[in-house]
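Open the model in a viewer and keep the sequence panel beside it. The stops below say what to select next and what is there.

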Amino acid sequence: MKLLPLGPFPPRGSEPQGCVDLGVRLRDSLLTAAELRGPTRGALAAQLQAAVKGERWAEAAVLLEAVLDTWPLSALVDPARKAWARGARDATDLAVLARAASLISLARGWAPFGRGPWPTPDTETLRRLSQGASVALRRGPGDGAALVAEALGLPLSDDEALPEGLAVLSDADVLERRDALARALVAGRVRAVAWRGEGPTGAEAQLAWGELQMEAPDQEAFE
Amino acid sequence: MSSLTVVGLGPARPGHVTREAEALLRGAAERGLRAYGLAHAREMVAQLAPELEVRALDWLYTLPDVPRPLAYQGLARLLMRRAFEDGVDVLYLVAGSPLYINDAVLYLRRLCAEQGKPLRLVHGLSFVDLVLDRVYWTGHVGLQLYSAWNVARDGLRLSPHAPALLCQLGEFSAGGEALDDQRSTGMLSELRDRLLMDLPEDHPVIILYSSGRPDYRSLARSLPLHALADAPVPVYANLWVPAKQGPPPERELAPPSDGLGGEA
């Protein structure tokens, strides 16, 4: 079974049939009230206790803030995750998910993944979430596919796991496809566009690429 | 049949937007109209019709290989395609009046005429109406209206017998940020040298500009022509050049009259 990478995180939508979508599974298993008020709060409280006993006050201050944040975030995180997964574009939801992710990473000692506060799970968590996967696919630069493939010992395929509704363009076809693609973007049949290569060359290609990015309803979220 | 409408939103505050334009904006989201505009248009819509999404056209000014004339032609073709090929009701929102120094609108009007497509223009208050409030233009000897670029770099020579309003003193100094004044002195010094060919060094000129968001007060400063390039000006500043021997009031700086009180 194909394994879709962690990034871009947090993803929208649900897991496609016939695939293991690591991003979706991580989002739905970790960014939850149960996780925050259970394992995360417990681990942070224990770390805070150790820091206080050891008089490591700078560390204690960070942990104290994190422990306190688990209460309001527990109340907010489930609605925020569901709204984000549905495709809502609310920055407050994203802020809630980001803070929740940073607390979970702090509690578990996970490093951040990519840009932003999103977690890189340890190998054990990756293995648990990826059960049944036999080959890792790429989605784009910085998607974590190589890291996951290496951690799990899976082959990394050159095939790309493109999100549904994404069109990929290049200098070779942007002018030819512009009109039809713009129409599909305006109608919402295609949601975002990506560029393969360094970027459009020449005035007409740059104008076409700018138009398509502007018309794409989910371009900002995709980028 | 789908429609293409250009809407002038006036040069400054929402209060300058016409009732016709405001009514169109307020009903646009419900009617499924697709709107396009730059920062000023988005600001006006955010205040008058916040439910309407305005697609940002700012990217047109950032393309490395696309000169301005080509960008404006590209925009006109884009709006035509959207309205008349994709069947979308399109609003193109512009600052000021659509008919004053707006190359994209000009291309659009000509394209629509050539192709027999209907185009609606909703007029807006022009920047000229606003900036003239700090001078006393009599109209007795006419008015010359040019861009500063025309005089400084295109070799256009003003008549010294009529006042002139030279607009967009610093348009080419930066990427369209209306309050950017960092590189305007280059244009000003070229302009000063051209004007000194026909006018004396101590000829009074008046720089007319805006305070920008949120009040858009009409600001002005009077100075002798020889000092024109001594200090920078915002991109969309204008220069008032009285006639050499015209009506005396045209040389005077008028006080603020925007109703906001005090000295602007």
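**Stop 1: the E1–E2 loop of chain A**

Select Pro10(A), which sits in the loop between E1 and E2 of chain A; helices (H or I, at least four residues) and strands (E, at least two) are DSSP runs numbered from the N terminus. The peptide bond from Phe9(A) to Pro10(A) is cis, with omega about -5 degrees. Now select Pro8(A), in the loop between strand E1 (2-4) and strand E2 (19-21) of chain A. Gly7(A) and Pro8(A) are also joined by a cis peptide bond, with omega about -5 degrees. Most residues other than glycine have a negative phi, and most peptide bonds are trans.

Before going on, note that this is a predicted model, in which local features need pLDDT of at least 70 and side-chain atom pairs count only at pLDDT 80 or more, while totals for chains, interfaces and linings use all residues. Residues are numbered from 1 along each chain as its sequence is written, chains are lettered from A and ligands numbered from 1 in the order in which they are written, and side-chain values use heavy atoms, with hydrogens and water left out.

**Stop 2: chain A as a whole**

Select chain A and colour by secondary structure: nine helices and six strands are there. Of its 223 residues, 48% count as buried; buried means under 20% relative accessible area, exposed over 50%, and partly exposed in between (1.4 Å probe, protein chains only). The accessible surface of chain A is about 11,000 Å², and 54% of this belongs to carbon and sulfur atoms (Shrake-Rupley method, 1.4 Å probe; for residues, only the protein chains shown count as cover). Of the contacts in chain A between residues at least 6 apart in sequence, 57% join residues at least 24 apart, a contact being heavy atoms within 4.5 Å.

**Stop 3: the nonpolar cores**

Select Leu3(A), Leu31(A) and Val77(A), the residues with the most contacts inside the largest nonpolar core, which has 40 residues. Such a core is a set of buried Ala, Val, Leu, Ile, Met, Phe, Trp, Tyr and Cys residues joined through side-chain atoms within 4.5 Å. In chain A, helix H1 (22-30), helix H2 (33-53), H3, helix H4 (91-108), helix H5 (123-129) and helix H6 (145-152) each supply at least two of the core residues. Which residues does Leu3(A) contact, leaving aside neighbours within four places in sequence? Among them are Val20(A), Leu22(A), Ala133(A), Val135(A), Leu137(A), Val148(A) and Leu152(A). A second, separate core of 30 residues includes Tyr36(B), Leu57(B), Tyr72(B) and Leu79(B).

**Stop 4: helix H3 of chain A**

Select Ser74(A), in helix H3 of chain A. Ser74(A) counts as buried at 10% relative accessibility. Its side chain reaches the backbone oxygen of Thr70(A) at 2.5 Å. Not counting residues up to four places away in sequence, Ser74(A) touches Ala33(A), Leu36(A), Arg37(A) and Arg41(A).

Move along to Pro79(A), also in helix H3 (residues 57-86) of chain A. Pro79(A) is partly exposed, at a relative accessible area of 49%. From Pro79(A) to Asp93(A), 14 residues away in sequence, the C-alpha to C-alpha distance is 8.2 Å.

**Stop 5: helix H7 of chain B**

Go to helix H7 (residues 184-195) of chain B and select its buried residues: Ser184(B), Met187(B), Leu188(B), Leu191(B), Arg192(B) and Leu195(B). Seen down the axis of H7(B), these buried residues fall within an arc of 135 degrees, so they line one face of the helix; the arc is that of the directions from the helix axis to the C-beta atoms. What covers them includes helix H6 (148-153), strand E7 (164-167) and strand E10 (238-241) of chain B.

Select Ala148(B), in helix H6 of chain B. Ala148(B) is buried, at 0% relative accessibility. Beyond four places in sequence, the contacts of Ala148(B) include Cys167(B), Gln168(B), Met187(B) and Leu191(B).

**Stop 6: two positive phi values**

Gln168(B) lies in the loop between E7 and H7 of chain B. Its phi is near 50 degrees, a positive value in a residue other than glycine, and Gln168(B) is buried at 18% relative accessible area. Last, select Tyr216(B), in the loop between strand E8 (204-210) and strand E9 (218-224) of chain B. Tyr216(B) has a positive phi of about 50 degrees although it is not a glycine, and is buried at 11%.

Key
A polar contact is a pair of N or O atoms within 3.5 Å; within protein, one must be able to donate a hydrogen and the other to accept it, and residues adjacent in sequence count only if both atoms are side-chain atoms.
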